[in-house]
Amino acid sequence: MAAPTLPVVLFFFALTAALPAAAQSPHQESIQIGLSTDKVTITAGFTGADLTIFGALEDGDLQIVRQGRYDVIVVLEGPARPVVVRRKDRILGVWINLESETFENVPVSYSVATTRPFQDITEPASYKQLSLGANNIYMQPMDEGDSPATIAEFTAALRERKAATGQYSENVGGVQFLSQNLFRATVRLAPSVPVGTHKARAFLFKNGVFVKESSAQLEIRKSGFEQSVFRAAHDYSFLYGFFAICLAMITGWLGRIIFRKD
């Protein structure tokens, strides 16, 4: 068998040297978040709180880290439920509900924390594509036959009401990098935060381009007497409703006896 010629040997060594370079892919950044607990218990006197979420940037480009061109947006999204929005008009001196719009699967709460102002992170089209931010949540109307103007009006009213009650909130600068890889996010739990399963989501941006997303779940529950009543209302809805009616009738009867005039 003939020995390999010099050009063949040189080509072999060139190919062998190129393999490690080809195997080295560019930075594939990823992001991870973690919660100190997967359950939060609240009582009847709950007045709101700040929830801290920690995360890590993995395989980040050190040069981009030093230039501060990585951005993180963290969202805590509550359970989705149908919501009815009503519009009142004054008729003959009386305020009456004349029109309403029902939206399906609306997040009851939505809290956002960012490294910088939204306009400094990426383009509005990216937020819309990711449904990221309270103004970009798609509110699906139950009756899609209504006019676009009517749907837009009620959608804006729903967002304004959520923001006014603190259920939809933004914390610009609420995400801070503690080191080159670790960051901390602070999101707000409103006093009226709903019980149920909440989803924490972290979005990583590099030079204004979306890179990766990570998520974790958080369970919010009531405690004490409130939790017992809440559980009874859901597990024994018929008996709970019957008891509520009887209690209302007894209360009314006792009030009539106590406050009646002889």
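This is a predicted model: local features need pLDDT of at least 70, side-chain atom pairs count only at pLDDT 80 or more; totals for chains, interfaces and linings use all residues.

I looked up serine 111 first: its side chain reaches the backbone nitrogen of arginine 188 at 2.9 Å. Numbering runs from 1 along each chain as its sequence is written, and side-chain values use heavy atoms, without hydrogens and water.

The side chains of serine 111 and serine 169 also make a polar contact of 3.3 Å (N or O atoms within 3.5 Å, one able to donate a hydrogen and the other to accept it; residues adjacent in sequence count only if both atoms are side-chain atoms).

Serine 111 sits in strand S7, residues 110-114 (strands are DSSP runs of E, at least two residues; helices are H or I, at least four). I noted it as buried because its relative accessibility is 4% (buried is under 20%, exposed over 50%, partly exposed in between, with a 1.4 Å probe and protein chains only).

Next I checked valine 74. Beyond four places in sequence, valine 74 touches Ser111, Ile53 and Phe183, among others (contact is heavy atoms within 4.5 Å).

Which residues touch the most other members of the largest nonpolar core? Ile53 and Val74 do, out of 27 residues (a core is buried Ala, Val, Leu, Ile, Met, Phe, Trp, Tyr and Cys joined through side-chain atoms within 4.5 Å). Suppliers of at least two residues each include strand S3 (49-58), helix H2 (62-67) and strand S4 (70-77). I also found a second, separate core of 21 residues, with Phe154 and Phe203 among them.
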